[in-house]
Amino acid sequence: MAYDRHRAGARGEALAVAWLTNRDWYVFTAWQSQSPCDLVAVKLRGVARAEIMLLEVRYVGPNSKRPEGLTAAQKRSGIKLLVVHYDGQVDLDPDWSKTVTRKDRSARAKARRDDDTGE
């Protein structure tokens with residue numbers, strides 16, 4: 001089960017990279033397991049300017065519901081949500097993602113919560 005979810009996520013990231021590169025973005029992937037985003041996309045805008053997007057990728061399979069949104073920390077960092085559907089449709093920063101916030105379940109967030117409660 002966990003392997004299937006990881007494999008589906010990797011497929012979603014590969015489709016996201018293909019979608020971005022077809023739109024003239026240079027794409028860099030995050031290799032750390034605790035990275036706040038999955039992809040960094042850069043588009044050159046003239047000689048001295050570049051547009052940079054930090055992206056969290058969510059893959060939606062044929063039997064999936066709407067994916068989770070971003071965490072509050074990701075939203076504060078300016079990370080955008082990139083939703084990749086199994087049929088190849090891609091939604092960049094959908095409107096619903098601005099109102100839905102996902103609970104941060106990372107080990108760092110748990111440690112911060114424990115520090116705040118004094119445990």
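What follows is a chat about the layout of the protein and then about one lysine.

Modeller: Before we start, this is a predicted model, where local features need pLDDT of at least 70, side-chain atom pairs count only at pLDDT 80 or more, and totals for chains, interfaces and linings use all residues. Residues are numbered from 1 along each chain as its sequence is written, and side-chain values use heavy atoms, with hydrogens and water left out.

Biologist: Okay, how many helices and strands are in the protein?

Modeller: Three helices and seven strands. Those are DSSP runs numbered from the N terminus: helices are H or I with at least four residues, strands are E with at least two. Along the sequence the pattern reads α-β-β-β-β-α-β-β-β-α.

Biologist: And what order do the strands take in the open sheet?

Modeller: The order is 1-2-3-5-6, five strands with mixed pairing. Strand 1 (26-29) and strand 6 (90-92) are the edge strands, each pairing on one side only. Two strands pair if DSSP finds at least two bridges between them.

Biologist: Which way do strand 2 and strand 3 pair?

Modeller: Antiparallel, over six bridges, with strand 3 covering residues 50-60. One of the facing pairs is valine 40 and leucine 54. The two strands form a hairpin with five residues between them, and glycine 46 in the turn has a positive phi of about 85°.

Biologist: What about strand 1 and strand 2?

Modeller: Also antiparallel, this time over four bridges. Threonine 29 has leucine 39 of strand 2 as its bridge partner.

Biologist: Switching topic: where does lysine 43 sit?

Modeller: In strand 2, which spans residues 39-44. Lysine 43 stands opposite glutamate 51 in strand 3.

Biologist: Is lysine 43 buried or exposed?

Modeller: Buried, yet without a salt bridge. Buried means under 20% relative accessible area, exposed is over 50%, and partly exposed is in between (1.4 Å probe, protein chains only). A salt bridge is a side-chain nitrogen of Lys or Arg within 4 Å of a carboxyl oxygen of Asp or Glu.

Biologist: So which side chain of opposite charge is nearest to lysine 43?

Modeller: Aspartate 24, at 5.5 Å. For charges, Lys and Arg count as positive and Asp and Glu as negative, while His and the chain ends are not counted.

Biologist: What does the side chain of lysine 43 reach, then?

Modeller: The backbone oxygen of arginine 23, at 3.1 Å. Leaving aside neighbours within four places in sequence, lysine 43 is in contact (heavy atoms within 4.5 Å) with Arg23, Asp24, Trp25, Ala50 and Glu51.

Biologist: How many salt bridges are there in the whole structure?

Modeller: Two. Arginine 45 forms one with glutamate 51, the closest N and O atoms being 2.6 Å apart. Arginine 45 is partly exposed at 37% relative accessible area, and glutamate 51 is partly exposed at 29%.

Biologist: And glutamate 56, what is its partner?

Modeller: Arginine 58, with the closest N and O atoms 2.7 Å apart. Both glutamate 56 and arginine 58 are buried.

Biologist: Last one: what share of the 119 residues counts as buried?

Modeller: 30%. As for contacts with a separation of 6 or more, 46% come from residues 24 or more positions apart.

Technical notes:
Polar contact = N/O pair within 3.5 Å; in protein donor to acceptor, adjacent residues only side chain to side chain.
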